[in-house]
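Visitor: I would like to learn how to read a model like this one. Please take me through it feature by feature.
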Amino acid sequence: MSEGAAKQPGPLKSFLAGGCGGICLVVVGHPLDTLKVRIQTMEVVPGQPPPYKGMVDCAKQIVAKEGPKGLYKGMAAPVAGVAPMYALCFLGYGYGKKMFCDDDAFEKLKLTQIGMAGATSALFTTPILGPGERLKCVLQTMESPSYKGPKYNGYKELVSGLYAEGGARSLVRGSGITCLRDGVASFFYFSTYELLKKTWTPEGAKDPGVFWTFMAGGFAGMANWAAMMPIDTVKSKLQVAPEGKYSGVMAVAKDIMAKDGVRGYYKGLAPVMVRAFPANAACFLGYEMAAKALTRAGLE
C-alpha cells in the first residue's frame with residue numbers, strides 16, 4: 001500500500017470532511033459558474049453583437065434582470081450533491097491510489113501515478129454529477145437570450161418536464177462527457193495539489209499550514225479547469241440544447257468549431273479562472289480543516 005493510501009481517511013471522515021469542503025466550494029464559486037455557463041451557451045448571430053460582451057457585462061445583465069439571486073440559480077443541485085459526491089470522490093481517489101500508485105509515489109512525487117489515481121474518482125462521482133449538471137445548466141441558462149427551450153419553476157417541474165421531453169435519457173444527458181471531463185480534471189487536480197502541498201511543506205512539518213494549503217488548492221483548481229475547459233464547453237451546450245438538436249458529443253464539437261473555431265471551446269474561460277482559485281482554495285482548506293477537527297474528535 002502506498003504512503004498516501006495508508007493515510008486515506010475512513011469513509012465517514014471522508015464524507016464529513018469532503019462535504020464541508022464541497023459546500024465551501026459551491027458557496028464561493030457558484031455565481032461565477034453561472035456566468036461561465038451563460039457565456040458558454042450564448043448564441044452569437046452573425047452581424048449582431050453577442051448577448052454578453054464579457055464576464056462583467058454578463059453579471060450586470062443578470063443582476064439587473066433577475067437580481068443578485070440570479071447568480072445563485074441552480075445552486076440547490078450541487079449543494080445537495082456535494083457531501084456524497086466528495087465522499088465518493090475521495091473514496092475513488094483512495095481506490096485509485098491502490099491501483100496506480102507505488103509505495104513511494106507521494107514521497108517521490110510520481111505525478112502520473114497520482115494523476116491516474118485522481119482520475120479514478122470520476123467513475124465514482126459521475127452518477128451524481130451527470131444528472132446534477134444537467135439540471136444546473138438548464139436552470140442557469142433559462143433567462144439567457146440564447147435559451148430556446150421551455151422554462152421551469154423549480155427543480156420538481158424541471159425534472160418532470162425533462163422526463164416528459166425525453167424520458168430518463170433526457171435527465172442523464174451529458175453524463176458520459178461529464179465522466180470524461182472529470183477524469184481529465186481530476187488527473188491534474190490531485191496531482192497539482194499533492195505537488196504544491198509537498199513543495200510548500202517545511203522540512204519536518206506534517207503540512208504546509210493554512211495559507212499554503214489555501215494556495216495549493218487554488219492553483220490545483222486552476223490547473224483542473226485549464227485542462228478540461230474544452231470538454232466542459234461541449235458538455236454545457238449538449239445539456240442545455242433542445243431535445244433532438246444534436247445527435248451526440250461530436251455533433252456539438254463540430255458545431256462549435258464551425259461557428260467559433262478553437263476559441264469557441266474556451267468561452268467562459270475568464271469567469272472560470274476567476275472562480276477556480278478561490279472556490280478550490282476554499283474547498284481544500286475546508287476539507288483539511290474539517291479532517292483535522294474530526295481527527296481531534298477521535299474519528300479516523
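Guide: Start with burial. Buried means under 20% relative accessible area, exposed means over 50%, and partly exposed lies in between, with a 1.4 Å probe and protein chains only. Lys97 is buried, at a relative accessible area of 5%. Lys97 is found in helix H4.

Visitor: What should I know about the source before going on?
Guide: This is a predicted model, where local features need pLDDT of at least 70, side-chain atom pairs count only at pLDDT 80 or more, and totals for chains, interfaces and linings use all residues. Residues are numbered from 1 along each chain as its sequence is written, and side-chain values use heavy atoms, with hydrogens and water left out.

Visitor: How are the helices named?
Guide: They are DSSP runs, numbered from the N terminus: helices are H or I with at least four residues, strands are E with at least two.

Visitor: How do I read a nonpolar core?
Guide: In soluble globular proteins, nonpolar side chains tend to be buried together. A nonpolar core is a set of buried Ala, Val, Leu, Ile, Met, Phe, Trp, Tyr and Cys residues joined through side-chain atoms within 4.5 Å. Here the largest core has 28 residues. Leu25, Tyr86, Tyr93 and Tyr189 have the most contacts inside it.

Visitor: Which elements give two or more residues to this core?
Guide: Helices H2 (11–41), H4 (76–100), H5 (111–141), H7 (175–199), H8 (210–240) and H10 (269–296) do. H10 supplies the largest share, 7 residues. Apart from this core lies another, of 10 residues, with Ile231, Val252, Ile256 and Tyr265 among them.

Visitor: What does Tyr189 touch?
Guide: Contact means heavy atoms within 4.5 Å. Leaving out residues up to four places away in sequence, Tyr189 touches Leu25, Ala220, Gly221, Asn224, Asn280, Cys283 and Phe284.

Visitor: How do I describe two packed helices?
Guide: Two packed helices are described by the angle between their axes and the distance between the axes. Axes are lines fitted to C-alpha atoms, for helices over the stretch in contact, and angles run from 0 to 180 degrees between N-to-C directions. Take H8 and helix H9 (residues 249–260): their axes come within 9 Å and cross at roughly 110 degrees. That makes H8 roughly perpendicular to H9. The classes are roughly parallel under 35 degrees, roughly antiparallel over 145, roughly perpendicular from 65 to 115, and oblique for the rest.

Visitor: Which residues make the contact of H8 and H9?
Guide: H8 uses Thr233, Val234, Lys237 and Leu238, and H9 uses Val249, Val252, Ala253 and Ile256. By type, the residues of this contact are 6 nonpolar, 1 polar and 1 charged. Nonpolar covers Ala, Val, Leu, Ile, Met, Phe, Trp, Tyr, Cys and Pro; charged covers Asp, Glu, Lys and Arg; the others, Gly among them, are polar.

Visitor: How do I read a polar contact?
Guide: It is a pair of N or O atoms within 3.5 Å; within protein, one must be able to donate a hydrogen and the other to accept it, and residues adjacent in sequence count only if both atoms are side-chain atoms. The side chains of Glu66 and Lys73 form one, at 3.2 Å. Glu66 lies in helix H3 (residues 55–66). Glu66 is buried, with a relative accessible area of 12%. Beyond four places in sequence, Glu66 touches Arg38, Lys73 and Glu143.

Visitor: Which backbone oxygen lies 2.7 Å from a polar atom of the side chain of Thr213?
Guide: That of Gly209. Thr213 lies in helix H8 and counts as buried at 6% relative accessibility. Not counting residues up to four places away in sequence, Thr213 touches Tyr193, Pro208, Phe284, Leu285 and Glu288.

Visitor: Is Thr178 buried or exposed?
Guide: Buried, with a relative accessible area of 0%. Thr178 is in helix H7.

Visitor: What about backbone angles?
Guide: Most residues other than glycine have a negative phi, and most peptide bonds are trans. Leu109 has a positive phi of about 50 degrees, although it is not a glycine. Leu109 is found in the loop between H4 and H5. Leu109 is partly exposed, at 22% relative accessible area.
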